[in-house]
Amino acid sequence: MNSYDTKTFLSDLEKLGITLSNEQLEQFLIYYEMLVEWNEKMNLTAITDFQDVMKKHFVDSVSLIKAYDVTKSVSIIDVGTGAGFPGLALKIAFPQLRVTLLDSLNKRILFLDAVIDKLNLSDVETIHGRAEDFAKPGKLREKFDLCVSRAVANLSTLSEYCLPFVKKGGMFISYKSEKISEEFEMAENAISFLGGRVKNQVEFTLPDSDIYRNLFVIEKIKETPKKFPRKAGLPSKEPL
């Protein structure tokens, strides 16, 4: 493996209260190398510079600790995980988590499977499919303590995809990179309709940067009506 300057990465994590073992650090470095290598064959990320990936993907993913206690053994589903952000990065940093990575593109799933295999991770599964299909009763509906998503979609649409996966009493946390007060106001009705309520919003910048982040924490207070999520395409075309 190449030698990397990991000082900034480790310092960023320290500022979030996260300390990695040597093995975990090595897992992040292998993940980075595989990301760059596979990225030459398929579009996984536009960001490939080492320091940028460490901060904008890995540190960003694990910054969830500012909004949720990820040191417990909870079940998490990452909807629209892409190249594994935030779900796989969270699994490496917090090995006790039970993680499910869902993505509609099979080649991304093949990449994630290769990384999971190489890093010898357990209690992490990948699913190739759409949220609309797997959130149905009898599948993964209301099975998780926490649903996370860094996917780019408005909050109403994301809530319709994500809240059905969450158990009553669990949380859905949406990672946003901009202030979205207007979008948030528009989503409040939809969230309530889907059985959720906005618990809080955690705003911060990533350590030693001016990169703004916004974690929307939505609590599941009652079951989501059976007809949601609607069939493919509708949640984004016609948000609630």
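This dialogue covers the cysteines and salt bridges of a predicted model.

Trainee: What are the ground rules of the model?

Mentor: Local features need pLDDT of at least 70 and side-chain atom pairs count only at pLDDT 80 or more, while totals for chains, interfaces and linings use all residues. Residues are numbered from 1 along each chain as its sequence is written, and side-chain values use heavy atoms, with hydrogens and water left out.

Trainee: Why is Cys147 said to be in no disulfide?

Mentor: A disulfide requires two cysteine sulfur atoms within 2.5 Å. The nearest cysteine sulfur to Cys147, that of Cys162, is 3.6 Å away, so Cys147 is in no disulfide. The whole structure has zero disulfides.

Trainee: What makes Cys162 buried?

Mentor: Buried means under 20% relative accessible area, exposed over 50%, and partly exposed in between (1.4 Å probe, protein chains only). Cys162 has 0%, so it is buried.

Trainee: Why is the contact of Arg213 with Asp60 called a salt bridge?

Mentor: The term needs a side-chain nitrogen of Lys or Arg within 4 Å of a carboxyl oxygen of Asp or Glu. The closest N and O atoms of Arg213 and Asp60 are 2.7 Å apart, so the pair qualifies. Arg213 lies in strand S7 and Asp60 in helix H3, so the pair ties together parts 153 residues apart in sequence. Helices (H or I, at least four residues) and strands (E, at least two) are DSSP runs, numbered from the N terminus.
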